[in-house]
Each structure stands twice: as C-alpha cells, then as structure tokens.
Amino acid sequence: MTTIADALTGLRRALDSIDLSLPLDSADAARRVHAELVGQIDDYLLPRISRLDAPLLVVLGGSTGAGKSTITNSLVGAEVSLAGVLRPSTRTPVLVCHPDDRAWFLDGGVLPDLARSTGARPTGSGLHLVVDDRVPAGLGLLDAPDIDSVEIANHELAAQLLGAADAWLFVTTASRYADAVPWEYLRRARDRAVAMAMVVNRIPLGAEDEVATHLADMLRANGIDRVPLFAITEAAVGAPGSEPAGAVAVGGAADDSAALVDGRLRDGAVADVRAWLHGLIADDASRADVVRTTLDGAIESIPGRVEVVAAAVDDQASAAASLRAASRRRYDEALSSLEVELANGVLLRGEVLDRWREHVGTSAFMERLQHGVGRVRSRIWSLVSGKPVPSEAVQDQLESNLVTLVRNHADRAALATVSQWETTTAGTAALADAERGIDRPTPGLTDRLERELDDWHDAVLQLVQDRAGNKLAVARALTLGINGIGVAVMIAVFSQTGGFTGAEAGVAAGTAAVGQTLLTAVFGENAVRDLVRDARDDLRLRLAGLFEVERRRFDALLHRHPSERDAPRLVAASDELASAWRSGDLG
C-alpha cells in the first residue's frame with residue numbers, strides 16, 4: 001500500500017515534469033494552479049505529514065495597509081514586525097514563535113526553500129524568525145506580505161505563505177473588505193477547508209454592527225460559514241478623556257479600548273483574537289483537529305486542481321502534436337516532390353548526359369546493340385572506341401546534381417514549416433527558442449548527404465557484385481568494370497524522361513536505353529528490373545533519413561512540452577494520493 005508521503009512525492013514528481021510554456025488560453029490559470037500545488041506540497045503537506053505534532057503555523061494575510069503588522073505586534077505584546085506608513089511595510093515575512101519551537105521553524109520544517117534570518121531586524125530576503133516567550137508554545141504567527149501588493153514578488157510570496165498555513169487569520173479593513181482580491185483568497189480557503197478567522201480593522205465608531213452584518217452576509221453568499229469574525233474600531237486619537245474605541249467579536253461584546261500604545265493596540269482590542277488563537281492549541285485534541293481539518297481540505301482539493309492542470313497539459317500536448325504533424329507534413333511533401341523530380345530524370349540534364357554520351361555514343365551504340373544483345377559481349381570493345389567509361393566523372397556529376405536538388409527541397413521544407421508554425425501562437429512561441437537559420441537547411445546537410453551518396457554508391461556496387469556472380473567477366477569484357485556497371489545502375493535509377501522537353505528528351509531516352517541494354521546484356525531483363533528497383537528503394541530510404549534529421553530540429557523545440565501520456569499520468573498520481581489519504585497510511 002502506498003503511503004501518503006510516497007503518494008505526495010509521486011504527485012510532486014509528476015507535477016515537476018510538466019511544462020506549460022506554450023501561450024494557450026488555458027495556460028495562465030493552469031500555471032498558477034500548478035505553482036500553488038507544488039508550493040503547498042513542498043511548503044506544507046510533506047512537512048506536516050512528517051510531523052503531525054509539530055507547532056501550528058497561523059499566517060496573517062490580507063490587503064495593503066490592513067494593519068497586519070500592528071495586529072501581529074499587538075498579539076505578541078512587543079514590536080516583532082515593522083509597521084509604518086510606507087507601503088508595503090512588510091517586505092520580508094516575519095515569523096514569531098516560542099523559544100521551544102525555534103528549531104522546527106528555523107530548520108525548515110515548513111517553507112524549507114525560504115532562507116532564514118534571525119536578530120533584531122530582517123536581513124535579505126526569505127523568512128525572518130523572532131522568538132518570544134509571550135507566544136504560547138506550539139504556535140507560530142507569520143506576518144505575510146500584502147496579497148494585493150503592487151510588487152509581484154510580494155503577493156506571490158504571500159500566496160505561498162498562505163498555502164503553507166495550518167490556519168489563516170485574514171485581516172482587512174472597513175473600506176477594503178469588499179475588494180475583489182481578498183475574496184479570491186477567501187474562496188480558496190473555502191475550497192480547501194482551511195481553518196480561518198477574519199479581522200476587520202479600522203471600523204468607524206458606531207458602524208461595527210453594520211459592517212459585521214454586511215460582511216457576514218457576503219461570507220454566507222460565498223459559501224463561507226462558521227468563520228469567526230472580529231471587528232476592531234478605529235483607534236481613538238485625541239485629548240485625554242476622549243471616548244475609547246473598542247474591538248468586537250461578532251456575537252461578543254465590545255472591548256475596553258483599542259487606542260494605540262507604542263504602536264500597538266491595547267490588549268483588550270485583540271483579546272478575542274488572542275483567545276481564538278489560544279483555542280487552536282488549547283489541548284492535543286484541539287490542535288489535532290485543526291491539523292486534520294486543514295490537511296483534509298488541502299488533499300481533498302487536489303484532484304480538482306490537478307484536473308485544471310491536466311486539461312491544460314492536454315491542450316499543450318495537442319498543440320505540440322499539431323506542430324509536429326505540420327513539420328512532418330512539410331518534410332514529407334518535400335521528400336515526395338524530390339522523388340518525383342528524381343523519377344522524372346532531371347538529374348540527367350546537362351553534363352551528366354554529355355559525359356555519359358561521350359563514352360557510350362548513343363546512336364552508333366544503339367544500332368549495334370539492336371542487332372542482338374548476344375553479340376554485345378564480343379564486340380563491345382570496339383564499339384566504345386577502345387577507352388574505359390569514366391564512371392567517376394559521371395558519378396561525381398550525378399552526386400553534385402543530387403546534392404543541389406536535395407538542398408533545394410530541404411530549404412523549401414524548412415521555410416514552409418516555419419511559415420506554418422508562425423500562423424499559431426504556440427508555434428511562434430516555440431520558434432522563439434530556435435537557433436538562427438531554422439528556416440534553412442542545417443549547416444551539416446551537405447556533408448551528411450555526400451557521405452550518404454558515397455555509401456549508396458558502395459551499396460549499389462555491392463548489389464552488382466551480389467547479382468552478377470560469374471557475369472562479372474562479362475562486365476569486364478565490356479570495359480565498364482564493376483564501377484562502370486554501378487554507374488549504369490545509378491543512371492537507370494534516374495532514367496525516366498519526364499521533365500525533359502524537345503531534343504533533350506530524345507537524347508535522354510537514347511541514353512536511358514543504352515544503360516538499360518548494357519545492364520540487360522550483363523544481368524538479363526528480370527534481374528535488371530530488380531536491381532534498379534532495389535537501388536532506387538535504398539536511395540529513397542537514405543534521403544528519407546536525411547530529411548528526418550532535418551525535421552527533428554523542429555521536434556527538438558518541442559521536446560520539453562507534454563505528450564498525450566502526461567495528463568493521464570498526472571491524474572493517476574492524484575488518484576493514488578486520494579486512495580492513500582482514504583486509507584490513512586501516513587507512512
């Protein structure tokens with residue numbers, strides 16, 4: 001049976017393999033959910049599962065200027081978090097705990113990736129730890145940055161800290177409690193069943209009931225029930241004897257005074273809030289209930305959040321597959337077009353025809369060959385003017401023409417692929433990571449092609465040797481030798497006359513017939529047909545391999561993007577966690 005810790009680690013690993021970088025409609029929301037899941041597993045779930053009896057962490061979160069730092073200081077009874085008029089006043093989160101709990105919070109029991117600092121004032125980024133024996137053992141209070149900070153790093157950190165909390169103390173003001181951003185977080189707390197209380201700060205005197213009632217109605221309308229709600233009125237500032245302000249817990253009574261003393265609210269102003277906090281850790285059962293409630297909510301919310309990510313992963317995989325298919329189509333089309341041109345005999349234009357005709361004079365040779373293939377073997381020496389066919393010159397010219405033709409088609413395929421990819425946002429984003437020149441053949445194409453053609457020529461010669469057997473003597477008698485026969489086979493591969501016009505078509509036809517008759521004289525008609533077919537198929541495979549290497553440049557731009565297997569794997573990891581949680585095996 002998989003333990004909860006193992007299942008969480010498996011889900012974390014599955015999430016870590018996900019890339020959501022293609023700019024699709026579903027990507028932004030999924031990236032946010034993905035980051036929250038990873039953060040919550042790392043910062044809260046794994047540490048908490050490993051130590052169910054560890055101190056509770058209560059995070060004070062809320063809007064800019066809500067008074068979180070002042071309330072933190074007031075709850076502790078000392079200035080532990082800097083408060084002021086400069087916004088945001090909390091740039092480095094401050095965690096205050098009892099000395100007995102210092103090791104758990106300092107050594108990274110929660111939020112392990114955040115650096116720690118200690119001392120009178122925060123230094124650098126990360127988490128600043130303060131110990132104070134006025135905080136009850138078993139409780140940590142964390143003053144978080146503003147959730148609506150104009151500094152992106154601040155509100156992202158605030159979200160991370162709230163995701164690591166056993167309980168939230170959400171702080172807002174009478175003028176800000178209806179803002180949109182706080183309610184986004186409150187709904188997240190609802191969906192994850194986080195233990196939570198709310199503080200409404202700076203309520204004008206006499207408006208306590210009105211604000212509290214309206215806020216309670218809003219909470220119920222959003223499905224947030226049974227949340228303790230604490231109201232703190234504006235601190236009285238004025239001459240001695242002025243009417244003190246108070247703090248009211250909904251359903252409770254007004255406190256004696258909320259006037260600021262040394263930058264802190266008087267104890268009476270936060271007495272009900274402090275009582276709620278102490279109630280969370282009043283005994284082992286109370287603390288275990290908070291932990292279990294928050295763990296239940298967090299883990300039970302995971303399948304729904306994973307579905308959001310998995311749907312976006314499917315979108316990413318589909319977009320990547322479409323781009324791969326587009327590049328494959330463009331290169332397949334280029335290869336097909338190349339094969340058509342090769343079959344039409346375009347390689348036999350110009351110097352190839354001239355060099356071949358120079359040594360196998362077409363019309364004179366044909367007249368003699370037409371008297372019968374049987375007499376070719378005895379008369380061929382005189383027919384070719386007593387000189388060997390310069391097969392290397394013909395071969396070189398063939399290969400040079402083929403290199404040019406292949407590069408042209410590879411160039412068209414690359415440009416067509418880039419053009420099609422640029423019609424989509426996903427394709428444009430993928431091309432942003434490409435090296436310069438992605439719309440042209442790779443620099444090494446010519447060298448690879450020349451090596452393949454050399455290997456093809458060797459393979460053709462091997463075919464000739466394998467098929468000729470004792471007929472090699474005949475080939476030598478023809479003064480063509482094994483290389484000459486090989487070149488004749490290569491000529492035959494490209495010997496169709498489509499693509500020629502006028503007199504050139506006649507010359508090409510005559511040249512093709514000469515080559516065909518030479519080969520027939522050595523091998524016989526059926527054997528020649530098989531030999532040419534095998535040589536043509538071998539060349540086709542080699543060209544297809546070259547084009548595949550060219551195309552894989554585009555696949556490489558998509559290698560980190562999901563495949564169709566990633567979303568099911570992610571959902572399976574989530575299902576395994578749900579099963580482990582139901583079994584209760586903490587591991």
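One term before the details: a crossing counts as right-handed if the near helix is turned clockwise from the far one by less than a right angle, and as left-handed if anticlockwise. Keep in mind that this is a predicted model.

Start with helix H9, residues 284-343, and helix H19, residues 525-556. They pack at an angle of about 150°, and their axes are 10 Å apart. Angles over 145 degrees count as roughly antiparallel, so H9 is roughly antiparallel to H19. Their crossing is right-handed.

Which residues meet there? On the H9 side they include Arg-324, Arg-328, Tyr-331, Leu-335 and Glu-339. On the H19 side, Arg-540, Leu-543, Phe-547, Glu-548 and Arg-551 are among them. By class, the contact of H9 with H19 has nine nonpolar residues, one polar and nine charged.

H9 also packs against helix H2, residues 27-50. Here the angle is about 145° and the axes are 9 Å apart. The crossing of H2 and H9 is left-handed. The contact of H2 with H9 divides into 16 nonpolar residues, four polar and four charged.

H2 comes up again at the largest pocket, where H2, helix H5 (152-163) and helix H6 (180-191) each supply at least two lining residues. The space in this pocket is about 460 Å³. Its lining has 21 residues, and those nearest the centre are Arg-32, Glu-36, Glu-156, Ala-159 and Arg-188. What is the make-up of that lining? Eight residues are nonpolar, five polar and eight charged.

Key: Residues are numbered from 1 along each chain as its sequence is written. This is a predicted model: local features need pLDDT of at least 70, side-chain atom pairs count only at pLDDT 80 or more; totals for chains, interfaces and linings use all residues. Side-chain values use heavy atoms; hydrogens and water are left out. Axes are lines fitted to C-alpha atoms, for helices over the stretch in contact, and angles run from 0 to 180 degrees between N-to-C directions. Helices (H or I, at least four residues) and strands (E, at least two) are DSSP runs, numbered from the N terminus. Angles under 35 degrees count as roughly parallel, over 145 as roughly antiparallel, 65 to 115 as roughly perpendicular and the rest as oblique. Contact means heavy atoms within 4.5 Å. Ala, Val, Leu, Ile, Met, Phe, Trp, Tyr, Cys and Pro count as nonpolar, Asp, Glu, Lys and Arg as charged, and the others, Gly among them, as polar. On a 1 Å grid over the protein atoms alone, a cavity is a set of points where a 1.4 Å probe fits but cannot get out, and a pocket is an open set with protein on both sides within 12 Å along at least five of seven lines; lining residues have an atom within 4 Å of a point. Grid points are joined across faces, edges and corners, and a volume is the space filled by probe spheres set on the points.
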